[in-house]
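Reader: I have a model open and want to learn how to read its features. Can you take me through it?

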Amino acid sequence: MNEFMKGITKRSSIIILMVGAVLLVIGASSGIIFGNLALALPDIIGRVSLIVMGTVLIVIGIVLEVKSQPNQQFGMYKTSSKAYFQKEPQLITSTNRSRLKIESGFLLWEKCTMVMWVLVPPKGQGLRDSPSNRYLLAHHTGNADENSIRFYNQFCIRHSSTRGRWEVSFSDNSAEYTSNPLAIADGLNAGWHHFMIAWDRNKPKIEFKIDDGRGGNDFANSLSNWPERIADKASVGAWMSEWEGHYCETQIYKFLIFDDYLESTDSAIRQHINSKPRPA
């Protein structure tokens, strides 16, 4: 029923947009013949009225068109205080190259909360099997050395196979990294797990949690090396390169970004936690 109503809204928005455009063109033109009838609006008031009516209808049509759009699987859009990235669980692998490219502006927000569901495989498989790191989110603005170890304005959420932990790492415009990286030892059972990262750069404070349990740290100097510039896009599910060893090789579900610092007790976060996908 909901999809049916969206279809009606979408068709109505297109009709309204077309009518508005026709009225706008007629109002702005002189001597237009509409069908077999010559336009008989020599007075300025009549033309202005048509232009206003056409403009209003176009605005209404655009609003209806936006409301008819479903949650996007690729890209980002804002609605109230949050941004959605996925409607259904998304499999991201090096084989299908299905990682998401999203707008990276949220990295410069003063306050932000990111939440997602991640399908964690058994140890030694997929996401937990890489010569180095597999990434749930990655961003940087350039390589700072020849060995590809340090990057400018890096921000990433990853699984480190070499260190056996989950990490949130970031650097500033000088490629200097925080002295207190957020890290949680990898002792997870196979299955869906809830990841949450929140920061408030005014306090300053940052938290990294898995399954609503406290993890990482919130030391004030954890934000002393925050990214200062952003690239056009950030990558969800893989590093910025195409190397297959950096792809997360798993499913990510309901990746949400809020433009506020939210506690895990907040109703929006509780609702997200309660939206755990069914077992794969």
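Author: We go from confidence to fold, then to salt bridges, one histidine and a surface patch.

Author: This is a predicted model; local features need pLDDT of at least 70, side-chain atom pairs count only at pLDDT 80 or more, and totals for chains, interfaces and linings use all residues. Residues are numbered from 1 along each chain as its sequence is written, and side-chain values use heavy atoms, with hydrogens and water left out.

Reader: What is the mean pLDDT of the chain?

Author: pLDDT is the predictor's confidence in each residue, from 0 to 100. The chain's mean is 79, and 75% of its residues reach 70 or more. Over residues 1-10 pLDDT stays under 50. Residues 34-39 also stay under 50. Where pLDDT is low, the predicted coordinates should not be read in detail.

Reader: How many helices and strands does the chain have?

Author: Both are DSSP runs, numbered from the N terminus: helices are H or I with at least four residues, strands are E with at least two. This chain has three helices and 18 strands.

Reader: How many salt bridges are there?

Author: A salt bridge is a side-chain nitrogen of Lys or Arg within 4 Å of a carboxyl oxygen of Asp or Glu. By this rule there are nine. In one of them, Arg128 pairs with Asp186, with the closest N and O atoms 2.8 Å apart. That pair links distant parts of the chain, 58 residues apart.

Reader: Are Arg128 and Asp186 buried or exposed?

Author: Buried means under 20% relative accessible area, exposed over 50%, partly exposed in between (1.4 Å probe, protein chains only). Both residues are buried.

Reader: Which residues pair with Glu167?

Author: Arg163 does, at 2.6 Å between the closest N and O atoms. Arg165 also meets Glu167 in a salt bridge, at 2.5 Å, N to O. Shared partners join Arg158, Arg163, Arg165 and Glu167 into one network. Glu167 counts as buried because its relative accessible area is 4%. Arg163 is partly exposed, at 43%.

Reader: Where is His140 found?

Author: His140 sits in the loop between β8 (133-139) and β9 (142-143). At 16% relative accessibility, His140 counts as buried. A polar atom of its side chain lies 3.0 Å from the backbone nitrogen of Gly142.

Reader: Which residues make the nonpolar surface patch?

Author: Patches take residues with over 30% relative accessible area and no salt bridge: like charges are joined within 9 Å, nonpolar side chains (Val, Leu, Ile, Met, Phe, Trp, Tyr) within 5 Å. Here Val48, Val52, Val56 and Ile60 make a patch of about 300 Å². Val52 lies in helix α2 (residues 44-67). Val52 is partly exposed, at 45% relative accessibility.

Terms used
Areas by Shrake-Rupley, 256 points an atom, 1.4 Å probe, with all protein chains shown as cover. Polar contact = N/O pair within 3.5 Å; in protein donor to acceptor, adjacent residues only side chain to side chain. Contact = heavy atoms within 4.5 Å.
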